[in-house]
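Please read the points below with the model open beside them.

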Amino acid sequence: MDMYVNNEVISSIQNERVKNWNKLLLKKYRDEKNEFLIEEEHLIEEALKCNIVKTIIISEGCFDKFKFDNTFFVTQNVMNKLSSNVSEVKYIAVCKKLDEKLTSSNKVLALDRIQDPGNLGTLLRSALAFGFNQILISDNSVDIYNEKVIRSTQGAIFHLNFLRCNLIETLKKFDNYDILAFSLDNSNYMSEIVVNKKVVIVLGNEGKGISKEVFDCCNKKVKIEMNSFESLNVAVAGSIAMYNFREKNSDVL
């Protein structure tokens, strides 16, 4: 493909391209177009490695470090229209969504009705760090392509396998796994249980926890030892759980 860089600076937020890019801030249009936006150099570099970048948008006056096919320069006013960031963004990319798949993995993270984008982003970063490479996300959880989720992952999103699904039906496929529900109800401490190498960690909604239907799919109930507080933020709890059950410690706890 020939290099195409549009030398004309787009200055109007009424420009048809700008309006189409701007729509990707909404989940409805991300689903319709099968595309999403990412911001700034690090995330764009990670997306380029995955070959999912379709368009790069650069603020006028900034260096074009990517030399990518289909690059556009725009005014900062246009960039601000496309970004939800409070600071001025200089680089934005339009990407095609990642392929959703269920892979063979010994370490799986299942998320039931997670609503906070920051929590989801943090959980994805921890999942990558501790070897939980398969992520199951319930249909009623926050969109993984929400701009706040993307930003919170710091690029981890491009190195994980995702499947948005009906958790109840999908968890039934993991019949030879220890499926751990993290809950305070009738649970054993992490240090009191032994698990095999194949583990699914299930985390629930920030306020309501794991739904009863998903809870019933789990074969072990687990809680984290704490000195005083009864509960932790789901991203903190999930990160501790994934660290504890990472590959290194999966045989004997």
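1. The side chain of lysine 107 reaches the backbone oxygen of phenylalanine 245 at 3.1 Å, and that of lysine 197, also at 3.1 Å. Both are polar contacts (N or O atoms within 3.5 Å; within protein, one must be able to donate a hydrogen and the other to accept it, and residues adjacent in sequence count only if both atoms are side-chain atoms).

2. The model is predicted: local features need pLDDT of at least 70, side-chain atom pairs count only at pLDDT 80 or more, and totals for chains, interfaces and linings use all residues. Residues are numbered from 1 along each chain as its sequence is written, and side-chain values use heavy atoms, with hydrogens and water left out.

3. Lysine 107 lies in strand E6 (residues 107–111); strands (E, at least two residues) and helices (H or I, at least four) are DSSP runs, numbered from the N terminus. Lysine 107 is buried yet has no salt bridge, and the nearest side chain of opposite charge, glutamate 247, is 4.6 Å away. Buried means under 20% relative accessible area, exposed over 50%, partly exposed in between (1.4 Å probe, protein chains only). A salt bridge needs a side-chain nitrogen of Lys or Arg within 4 Å of a carboxyl oxygen of Asp or Glu; Lys and Arg count as positive and Asp and Glu as negative, while His and the chain ends are not counted.

4. Helix H9 is largely enclosed by the rest of the structure, because eight of its 11 residues are buried. Among them are Val234, Ala237, Ala241 and Met242. E6 is included in what covers these buried residues, as are helix H5 (117–129), strand E9 (178–182) and E11.

5. Glycine 209 sits in the loop between strand E11 (199–203) and helix H8 (212–215). Its relative accessible area is 23%, so it is partly exposed. Leaving aside residues up to four places away in sequence, glycine 209 touches Asp112, Arg113 and Gly204, where contact means heavy atoms within 4.5 Å.

6. The largest pocket is lined by 22 residues, and Gly209 is one of those nearest its centre, together with Phe182, Ser183, Leu184 and Ser231. Strand E12 (220–223) and helix H9 (234–244) each supply at least two lining residues.

7. Overall, the protein has nine helices and 12 strands. Of its 253 residues, 51% are buried.

Note on methods. 1 Å grid on protein atoms, 1.4 Å probe; cavity = no way out; pocket = protein on both sides within 12 Å on 5 of 7 lines; lining within 4 Å.
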